[in-house]
Amino acid sequence: MSNMSVSYILRRILGALFTLWVALTINFLLPRVMGGNPMDYIASKNAMGSLEYAQILSQQFGLDKGLFEQYISYLGQLLRGNFGISYSTFPVPVADIISRAIPWTLLIVISSSLIAFAMAWLLGIIAALKKGSVFDNIVVGGAFFIQSAPYFFIGMLMLMFLGYYLKWFPMGHALPSGTPIGSPWYKLIGPVTRHAFLPVLSLIVVNLAGRMVMMRSNILQVFSEDYITLAQAKGLHRGKILGKYALRNALLPSFTGLMLTLGSAVGGAITTEMIFSYPGIGMTIMNAIHSQDYPLIQGCFAIIALSVVIMNLLADLLYPLLDPRVVLK
Amino acid sequence: MKKRLYGLLAVSFILGLTACGVGNSSDTNSQSSPAPPTAETDAPSPDNEQAAGEQGGTLVVGDVILDTQMAAINPFVPSNTAGGLLKMIYEKLLFFNSITGELEPEFASGYEWSEDNMTLTYTINTDNVWHDGQPVSAQDVVFTYTALKNEPVLDRYMIMNKIDSITADGNKVIFELNQTFLSLPYYMTEIYIVPKHIWENAESVSEELNTNPVGSGPFIYRGYNVGTDIQLDANKNYWRGAPKVDEMIIQMYNSSPNLTLALLQGEIGATMGTIAVANIPELKTKENFVLQLASGFNNFTIYINHENELLRDINVRKAMSMAINQEDLITKGEYNGVFPASPGWMPEVFGDLQSEYANSAHVYDPQAAMELLESAGYTKGTDGIYQKDGKRLSFTYHNAAGAPAQQMEAGMLQQWLLNIGIEIIPRLATWPELTEILQRGEYDLLQNSGVFPPDPFGAMNTYFHSSMTAPVGEATPGTNYFRYRNDEVDRLLDEVSSVVDRAQQRELYVRIQDIIADDVVFLPMYNIGERVPYYDGGRYAGWSGDAPIYSTRGIIEVYEIK
């Protein structure tokens with residue numbers, strides 16, 4: 001890391017920690033500025049609106065304490081890795097809920113992001129090399145069409161066509177109904193993959209479009225650079241120019257986008273989960289907000305903030321390795 | 001280079017298809033995908049009735065259940081877990097049959113009050129055993145209720161402070177009360193009994209996740225697959241008789257639309273959860289489709305704030321009531337999947353306690369509504385809105401955001417009121433916000449549900465007694481969000497709380513309802529109880545007609561048609 005000084009690294013890490021603290025503080029305050037009191041709501045649903053019962057619940061969950069005291073308690077718990085107990089699914093710890101949901105979210109979001117990026121680069125490169133051809137026109141036109149359509153439309157289209165009418169894929173769930181309880185993990189790989197296909201495919205299609213157009217533009221832009229003209233003038237093979245000089249420069253803008261996408265992957269894909277009845281953190285967050293489940297909202301957003309900050313930091317630290325022109329002090 | 005790229009693409013595509021197994025999906029259990037009903041083979045017929053007594057097979061139903069709700073299966077906090085699942089695994093002392101309005105045996109075979117109504121004794125049904133083979137006993141009941149007494153956070157109806165002691169004597173459980181509380185057996189229909197020998201070692205019953213529940217109900221918990229289904233085995237030793245099916249699968253869905261789609265497809269035989277109401281007309285076209293409806297403990301209502309100066313005028317409230325087409329609300333808003341709510345509040349589920357006069361007090365007559373306002377001195381302004389002494393009949397109208405059915409109905413209601421010259425200013429809020437607004441009385445008109453326990457006294461007292469309200473700006477101790485105060489209603493409610501004789505109770509409840517109806521305390525919309533869609537014939541039959549489908553008595557009769 002000769003082009004990155006130690007002081008820069010330390011500053012970035014401290015900056016990331018500060019950003020995280022600000023995010024966690026906003027995370028604490030945000031649910032509390034929503035209208036309504038969660039304990040009153042629980043009492044109204046389950047205990048005929050009993051004020052006495054709402055007060056018992058407030059004591060149970062520490063909401064009878066002052067705001068600053070709650071904030072200090074919240075930070076203290078976070079430092080110990082404790083996200084608290086969920087109100088809406090009491091007595092389940094928030095960490096349990098998140099650890100249950102996140103693997104399924106990561107499965108579909110990360111796999112679809114990586115595949116979408118890979119395919120976007122591939123298709124974008126081909127489209128750029130064959131600029132003006134039928135292939136280029138179809139790919140770019142298709143990308144613009146997909147980008148203009150909302151995700152739920154694409155998802156529902158796939159569900160109805162591939163699942164309901166053609167019955168090529170299951171229409172929902174993570175596994176086939178009736179799967180024997182306690183099946184060994186290796187027997188579940190096939191069924192899990194089959195059930196994840198439609199959700200992943202829908203996310204790939206939607207993520208692919210914009211990135212492919214961007215990659216195509218990046219390649220075209222790099223090919224217009226002087227050093228590429230020089231390389232062509234020197235008689236270097238086109239493949240070598242692409243692989244050794246153009247690609248790496250064209251990929252650089254996409255790299256940051258990929259890191260940010262992976263960072264926000266833990267936020268889930270709520271529309272995907274709703275359309276395909278797929279487990280994940282997205283529905284968990286939505287229901288937490290509807291129920292004003294403060295600990296669950298805070299826990300989920302803390303994980304998202306942490307993930308985004310870490311991936312951002314990694315992007316900053318790795319970028320100079322990819323681009324030696326960048327010198328950071 | 002180009003050839004290499006194309007080759008890579010082709011290989012990737014082929015590998016992807018192979019890995020994912022494109023082709024007719026055989027993933028779903030073949031038994032859970034019934035053949036589409038046809039007029040020739042699946043129409044209900046006497047042949048299906050002759051199949052009664054069939055054994056074996058799998059009952060597949062669906063419910064809206066998130067994985068988070070499966071993280072704990074604690075019957076002490078039923079609202080936080082999959083409610084339908086608990087009903088299959090556990091029992092209460094008695095269960096309230098919302099179809100007949102009667103209390104029926106379950107964990108207990110019956111109860112009796114002492115002469116002074118201060119001691120309640122249950123006789124335990126000792127024919128039953130826990131799922132692990134241990135016999136049930138009165139000690140299990142003592143343990144369960146003592147746990148509630150020790151942890152007030154679990155006592156959501158605050159009934160345990162009325163009970164001094166709980167003891168066992170042979171197969172009897174004796175509750176000693178410190179005050180008369182005749183409704184107690186009704187509240188006990190909401191409390192599941194747990195096995196003492198399993199729970200007694202828990203440090204705190206409220207914090208037990210209980211992920212491997214052991215109950216005494218008709219089905220035994222086998223396990224669940226994440227994001228997919230919950231699997232239950234039939235309890236062959238169940239005291240009412242083993243369920244006719246061998247197993248039950250509850251398929252989990254993320255939302256009502258997904259659940260409804262599964263029902264439309266025939267993927268499931270019935271639902272335990274709420275379906276998308278707008279699909280009811282389409283469902284009704286399906287062969288063998290039935291909707292079990294019963295009145296229940298939820299009145300959707302337009303709350304009127306009686307602290308509002310204009311709304312305090314009975315003529316304004318009566319006029320608003322006459323402007324509402326309740327029939328249209330039920331047929332077009334809820335597709336006949338609900339019952340009319342009574343202007344006297346008491347739902348049909350409480351049987352003969354309902355007042356016939358109050359029940360028929362609502363009349364739809366917009367013309368008469370306007371005539372009433374005019375006779376009361378209101379005049380229509382140039383903007384078409386009635387006014388009196390310079391005050392226009394203009395009110396804010398709160399309803400739930402993110403609830404399409406509610407918003408559609410709010411639109412209907414607002415238009416009807418506008419038609420009789422009353423201006424409505426819509427306000428949207430989340431459900432928790434609506435609760436807070438109601439509690440503090442910071443509204444004029446507000447559309448929301450009113451939920452109450454299976455107890456007629458609880459249903460009336462908490463909503464209409466003046467001790468259950470508070471001035472605007474303060475939170476109410478109960479659910480008298482209307483800010484309604486009537487000394488005669490208070491007196492009658494206080495009196496009925498200690499009356500044992502059914503005929504006397506009825507007389508008092510009828511008088512209370514009649515006053516409430518005459519006072520137009522609220523604007524009734526509809527009442528929701530059981531609303532269970534299922535297919536009778538085709539694949540399943542034996543669905544109960546005189547008990548809720550998902551009661552322990554009803555579910556054991558369902559069988560799979562071979």
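**View 1. Strand 12 (residues 289–304) of chain B runs antiparallel to strand 19 of chain B, joined by seven bridges.** This is a predicted model, in which local features need pLDDT of at least 70, side-chain atom pairs count only at pLDDT 80 or more, and totals for chains, interfaces and linings use all residues. Residues are numbered from 1 along each chain as its sequence is written, while chains are lettered from A and ligands numbered from 1 in the order in which they are written. Helices (H or I, at least four residues) and strands (E, at least two) are DSSP runs, numbered from the N terminus. Two strands pair if DSSP finds at least two bridges between them. Across the pair, Asn299(B) stands opposite Gly450(B) of strand 19. Strand 19 spans residues 445–451 of chain B and is mostly covered, with five of its seven residues buried. Buried means that 20 or more other C-beta atoms, placed from the backbone, lie within 10 Å of the residue's own; exposed means 12 or fewer, and partly exposed lies in between.

**View 2. Strand 17 of chain B also pairs with strand 19 of chain B, in the parallel sense over two bridges.** Here His398(B) faces Leu446(B) of strand 19. Strand 17 (residues 394–400) of chain B has parallel pairing with strand 18 (residues 423–429) of chain B too, over seven bridges. In that pair, Thr396(B) stands opposite Ile425(B) of strand 18.

**View 3. Strand 17, helix 13 (residues 404–419) and strand 18 of chain B form a right-handed β-α-β unit.** Right-handed means that, with the strands pointing away from the viewer, the path from the first strand over the helix to the second runs clockwise.

**View 4. Three strands of chain B make an open, antiparallel sheet in the order 14-15-16.** Strand 14 (379–380) and strand 16 (391–392) of chain B are the edge strands, each pairing on one side only. Strand 14 and strand 15 (residues 386–388) of chain B are antiparallel, with two bridges. Lys380(B) stands opposite Tyr386(B) of strand 15.

**View 5. Where chains A and B touch, 64 residues of chain B are in contact with 62 residues of chain A.** Contact requires C-beta atoms, placed from the backbone, within 7 Å. Elements giving two or more residues to the chain B side include helix 1 (2–20), strand 8 (219–225) and helix 15 (456–464) of chain B. Helix 14 of chain B supplies the largest share, six residues. The chain B side divides into 26 nonpolar, 30 polar and eight charged residues. Nonpolar covers Ala, Val, Leu, Ile, Met, Phe, Trp, Tyr, Cys and Pro; charged covers Asp, Glu, Lys and Arg; the others, Gly among them, are polar.

**View 6. The largest nonpolar core has 233 residues.** Such a core is a set of buried Ala, Val, Leu, Ile, Met, Phe, Trp, Tyr and Cys residues joined through C-beta atoms within 7 Å. Cys300(A), Tyr303(B), Ile304(B), Ala323(B) and Met460(B) touch the most other members. Helix 5 (residues 94–129) of chain A gives the most to this core, 17 residues. Leaving aside neighbours within four places in sequence, Ala323(B) is in contact with residues including Pro366(B), Trp416(B) and Ile420(B).

Methods
Contact = placed C-beta atoms within 7 Å.
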